[in-house]
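Reader: Hey, could you walk me through this one? I'd like to go bit by bit.
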Amino acid sequence: MTQFVVKPGVKNLHHEGEKLITTHCCYCGMQCGMHIRVNEKSGKVVGVEPRYDWPVTMGKMCPKGVTAYQTVDHEERIKKPLIKKNGEFVESSWEEALDLIEKNYKRIQSEHGKDALSVFGGVSMTNEKCYLVGKYARVALGTRYVDYNGRFCMSSAAGGFMKTLGIDRGSTLPWPELEHTDCFFMAGSNTAECHPTTIQWLWKARDKGAKMIVADPRETPTARIADVHLDLKSGTDSALANGMMHLLVKEGYVDEKYVDERCNNYEQLKESVKIFTPEYTSELTGVSVEKLVKAARIFGQSPRSVVMFARGVEQQMKGVDNVSLYTSMALLRGQIGKFASGVATFTGQGNGQGGREHGQKADALPGYRKIDNPEHVKYVSSVWGIEPEEMPKAGVSAYEMFDKIQRGNIRAMHVICSNPAVSAPNNNYIWDSFNKLDFMVVSDFFLSETCEFADVVLPTTTWAEDEGTTTNLEGRVIRIRKVREPVGESKTDWEIMQLIAERMGKGKYFPYKNVPEIYEEFRLASKGGKADYYGITYDRIEKEDGVFWPCPSEDHPGTPTMFQDSFGTEDGRANLAAVGWQQPGEVTSAEYPITLTTGRVVFHYLSGTQTRRTPFLMEQCPEPFAEMHPEMASRYALKDGDYVYLETRRGNMEVKAKITKAIRKDHIFVPYHWGKELSVNKLTSPALDPTSRMPEFKVAAVKIKKA
Amino acid sequence: MNKVMYLEFERCIGCRACQAACRECGGHDAKERNYVEYVNFFENRQTYPMMCMQCKDPACAKVCPANAIQITEEGVVLSAMEDKCIGCRNCTFGCPFGIPKFDFEENKMYKCDMCYDRTKHDISPMCASVCPSDAIRFIDHDEMMDLRRRRTQMNLIEGKKPSENDKWEYVPEFFGVYSD
């Protein structure tokens, strides 16, 4: 297999004494193509070269992508296992660390039962590793308690798509088709900062006259270029979507033939959107009637439109409703399953799509199978070589695992590729829970805030020191290549899970010598499921610029466009959402009069473990800030750069005020990439969506004063 | 070199990938030579990239008393030659765009050289390569002229595009930089 993949006629700069290895970025779901520059003599990673011929991103990268390679040979890498002795981390051998893990895991399980252990996974890992996390928890440790950080990121989109379309694939269309779209309806997505390399496609379409409608409480760099900016209040998406559908129905923009042939519940939907007149919608959302009408007309008249959304609508107590309603907007216009149109969510994490399909979720098994379905359990058990009776039952969601710790049901946790000490809501509760654990293991390559609570820290490799596949935000399965040998004594996550499995006497279920062997088993495990990867091979990915799942056999072309003939539901018809409006979990009051919302900045990724260690990114954005309108600043006598004290019912913090008119007058925005005293997640609300169990990061009631 | 740098300020999303990428160019000593600025953050988030215009008769070179700033045959204005530069900083004051930077530790000026090690082989400079919104492009002269005409056509057809912001008052719609 080739290490450097380039199409004929494409020129790259080759420096003397260096080789280029083709791979993808480690950060968000765009998975931008890149070549990594490696010094041939030292084997060290020295830089990056654009991959001009990767069809999704064309060589483009954001500042995180450009500097991603700098985390590989970073001076703060953990190079040996660390064991906490008398409150201090001490370097140890792998033997000693594994002995300690084995002793404690076995003791805890014999005293408190199998389910006293738990695994907290993440989706910034390859499919092979994400697949193995579920197997590791259920087969090696035999516990039901496994879940992952996708609960904070993707699960509402998954829930909404399952409900309406029957299959959860992040995008129903391939990204290069966006160029031919006539209208983008984007809700709760600051694409320009969170998925910057998508912007090129929006502009390609805009150059042909395409329109953009952006719903966001802030006038983000994305909203700034919109034709209509729907400046809604945080947490009112379901009202906005219902209001838009009210207008689509009223003004005759519904594709009646499509809805009649392919959708259920149209009558119920019509009934439920009846009350959402522009006036009522405006009252709930704070968006002016004129803008609502203008947006509905532009969207309704566009022959090809894409409805796109991201965490802004998903990280809410009604995230699943929001996704179902926005998806229904696309269905009413008859857009899903056609060229250059459809519905898409922007996957936040690198492998947010692949990582959520293959059994890292408390209730899921590989191939998007369900653990409460006996047939599914039987199939996966046969692949794993266990008896169906040995398969543990469903566990609980990520945040709810901390409830289990508080109640003493979970006594030990292995955190893999995640930093919930920063990224989980209601931080104080999370930190207290970590302190209550008998024993905690963290696998990471930097000493994250979560590592600091651990008894044992195991040094893992970065993405550049292992190979495998990921699935990008389109649903395209792509290849991550190994760029260099592991740094220090670090091991890949799959080797670590394998070693612990051996210690737990389950080594025979983890016989892998290399990543392709895991992939072969994983293909088989996904076979026949909704997310079927069976026909996708490493060779095909290389030859075909990635392959879109579902791809049930090697002669199947893959599925760039979903739902062309039918939907993934039982009757093959999409279920339109008929749900009303409900307030967010926390609303403003006289005591807490302002809405706090959180999100990302372009310079940082998730909990910042990597990007806060990258000099260029820290120079651009060294600390969080409270973004507010000058009108609010004036009310509290705040000047730009003054420290402001924020307090919600759960926690407080002090940050600098950053003043701009590009935000609603009644909202404050704080980015969440920092830990400890700088973590805004001390303040955020853990109100969970009833279906997806995703917390409401996006809406909290806050009071402020000058610090 | 048959290509030109083409900037569309309005497209800039302020991500500063161009600055990060500038540091990556061989011979740039991990120091960026371009700029990204807010027009006025109090008002809105419009940013714009700024880089060397590679002037035909560059003020920086004209005011250099040591003749240290060389221009390549393709018209690229290079950083001051290290052995000639006397560290007087005339160039940083002479440039009407404020492009040349001065390294006080090394006592020498440095500036955008359009990634000469790339562009002399017709490979796009790092900033234009990575710019996620195509605000900075490295394209054929003909393509640039075509783009300029097309933008005007679009505006004639649509009139001023509907927008809630008065962005058009802040920034010109396009700007071409000639290198030959």
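Reader: How many residues of chain A are in contact with chain B?
Author: 36 residues of chain A are in contact with 36 residues of chain B. Contact here means that the C-beta atoms of two residues, placed from the backbone, lie within 7 Å. Bear in mind that this is a predicted model, where local features need pLDDT of at least 70 and side-chain atom pairs count only at pLDDT 80 or more, while totals for chains, interfaces and linings use all residues. Residues are numbered from 1 along each chain as its sequence is written, and chains are lettered from A and ligands numbered from 1 in the order in which they are written.

Reader: Which elements of chain A give two or more residues to that side?
Author: Strand 3 (45–50), helix 1 (63–67), helix 5 (191–194), helix 6 (199–206), helix 7 (221–224) and helix 23 (615–620) of chain A do. Helices (H or I, at least four residues) and strands (E, at least two) are DSSP runs, numbered from the N terminus.

Reader: And by class, what does that side of chain A have?
Author: It has 17 nonpolar, twelve polar and seven charged residues. Ala, Val, Leu, Ile, Met, Phe, Trp, Tyr, Cys and Pro count as nonpolar, Asp, Glu, Lys and Arg as charged, and the others, Gly among them, as polar.

Reader: What about chain B, how many helices and strands?
Author: Chain B has seven helices and seven strands. Of its 180 residues, 42% count as buried. Buried means 20 or more other C-beta atoms within 10 Å of a residue's own, exposed means 12 or fewer, and partly exposed is in between, with C-beta atoms placed from the backbone.

Reader: Back to chain A. Which domains is it divided into?
Author: Domain 1 (18–71), domain 2 (98–153 + 352–467 + 484–515), domain 3 (160–345) and domain 4 (594–706). Those bounds come from an automatic or database domain assignment.

Reader: How many residues of domain 2 of chain A are in contact with domain 4?
Author: 17 residues of domain 2 of chain A are in contact with 21 residues of domain 4 of chain A. On the domain 2 side, helix 18 of chain A gives the most, with three residues. The centres of domain 2 and domain 4 of chain A, taken over C-alpha atoms, are 30 Å apart.

Reader: Switching to strands: which way do strand 25 and strand 26 of chain A run?
Author: Strand 25 (residues 643–647) and strand 26 of chain A run antiparallel, joined by five bridges. They form a hairpin with four residues between them, and V644(A) stands opposite V655(A). Strands pair if DSSP finds at least two bridges between them. Strand 24 (residues 625–628) of chain A pairs with strand 26 (residues 652–659) of chain A in the parallel sense, over four bridges, and there F625(A) has K656(A) as its bridge partner.

Reader: Which residues of helix 21 of chain A are buried?
Author: V515(A), I518(A), Y519(A), F522(A), R523(A), A525(A) and S526(A). They cover an arc of only 160 degrees around the axis, so they sit on the same side of helix 21 of chain A; the arc is that of the directions from the helix axis to the C-beta atoms.

Reader: Why is helix 20 of chain A largely enclosed?
Author: Because eight of the eleven residues of helix 20 of chain A are buried. Among them are W494(A) and L499(A). Just after helix 20 of chain A, G505(A) takes a positive phi of about 80 degrees.
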